[in-house]
Amino acid sequence: MIPLRLTEKDHEDFDEPIVELWRENEFVGYVFWDDDTPIVQVFADAEGDPFDLDLRDFQRILEMADQIVSPDMFSEDELDDLRTRVQAAADGEPDSDVVENLAEEFDEQATYRNEDGEGFFSKKVSEALITRCDELDIAVVEMEGFDYENRALSARPNLNLLVRGAPGDEWKLFRPEANMRAMTTLGDWPSRSTIVIAFVVQLANGESIVL
C-alpha cells in the first residue's frame, strides 16, 4: 500500500499551521487544531469511495501532524527539525533513491512478492538486509513473519515487530537502536525454511517505505 505523506500549510482561518495528507497525488484530508484538540478530516477519493488506509502508516503520519499543529507541544528547534524532515520527504530528496537501490539489490533474493510488489524474505536474507539497512542509514521499523508453503502465505501473529521513536529522538540514536532490535528479534524467530519476513523501513526524513 502506498505510504501517506504530509505537507504543512499556513491558513488564514487558523492560528496554527494546518497539515494536508496525501497519498502520491491523491488528496486524503486535513489535520488542524480546533479549540483544545487536533482534528483530522478524511475525505473520499476521486470516485467518491472511502480511502483504505494502512492503520500503522496512518498512525505514523498523524503523530507527525499532531506535532506540527499542536501549539506549544514542542520546542521551536524540535519543530524545525521535524519540518526539515517533512519537507525532505515532500521534495523527494535522495533518501528515497537509497531505498529504491536497496530494493533492487535484494529483489532477486525475495522468496515471494505479492501483487502489490511487497517482498517476503528468508531469515538468512533478512539478516543481510538489516545489516545493509544499517550501512545505508535506514531504520527497520516493522517486521512481520509468515509461513510460505505451496505458494501460499499464512500469517504468524506471534512473529511481528513494530519500532516507534519518541518525538524529538535523534536519528543517529534511533536508527541503530531500531536495527539492533530488528536483528535481535529476528534471531529469536524460528529458523524453519518456510518462514519469510516482510519489512517496512524508515528514512531519516520520517518517510516509511514497504520493501
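**Note on the buried charges and the cores**

1. Asp-147 counts as buried, at 13% relative accessibility; buried means under 20% relative accessible area, exposed over 50%, and partly exposed in between, with a 1.4 Å probe and protein chains only. This is a predicted model, in which local features need pLDDT of at least 70 and side-chain atom pairs count only at pLDDT 80 or more, while totals for chains, interfaces and linings use all residues. Residues are numbered from 1 along each chain as its sequence is written, and side-chain values use heavy atoms, with hydrogens and water left out.

2. What does Asp-147 pair with? Its side chain meets that of Arg-192 in a salt bridge, 3.2 Å from N to O; the term stands for a side-chain nitrogen of Lys or Arg within 4 Å of a carboxyl oxygen of Asp or Glu. Asp-147 belongs to strand 7 and Arg-192 to the loop between helix 5 and strand 9, so the pair ties together parts that are 45 residues apart in sequence. Helices (H or I, at least four residues) and strands (E, at least two) are DSSP runs, numbered from the N terminus. Arg-192 is partly exposed, with 39% relative accessibility.

3. Arg-164 sits in the loop between strand 8 and helix 5, 22 residues from Glu-142 in strand 7. Glu-142 counts as buried at 11% relative accessibility, whereas Arg-164, at 31%, is partly exposed.

4. Glu-142 also stands opposite Leu-162 in strand 8. Strands 7 and 8 run antiparallel and are joined by seven bridges; two strands pair if DSSP finds at least two bridges between them. The two strands form a hairpin with two residues between them, and Asn-150 in the turn has a positive phi of about 55 degrees.

5. Is Arg-175 buried or exposed? Arg-175 is buried, with a relative accessible area of 16%. Its salt bridge is with Asp-134, where the closest N and O atoms are 2.8 Å apart. Arg-175 is in helix 5 and Asp-134 in helix 4, so this pair ties together parts 41 residues apart in sequence. Asp-134 is partly exposed, at 30%. The structure holds ten salt bridges, and a network of them links Glu-105, Arg-132 and Glu-135.

6. The largest nonpolar core has 31 residues, of which Val-140, Met-143, Phe-199 and Val-201 touch the most other members. Such a core is a set of buried Ala, Val, Leu, Ile, Met, Phe, Trp, Tyr and Cys residues joined through side-chain atoms within 4.5 Å. Two or more residues come from each of helix 3 (95-106), helix 4 (123-135), strand 7 (139-149), strand 8 (152-162), helix 5 (171-188) and strand 9 (195-202). Apart from it lies another core, of 13 residues, among them Leu-6, Val-28, Met-64 and Ile-68.

7. Contact means heavy atoms within 4.5 Å.

8. Overall, the protein has five helices and ten strands, and 38% of its 211 residues count as buried. Among contacts between residues at least 6 apart in sequence, 58% join residues at least 24 apart.
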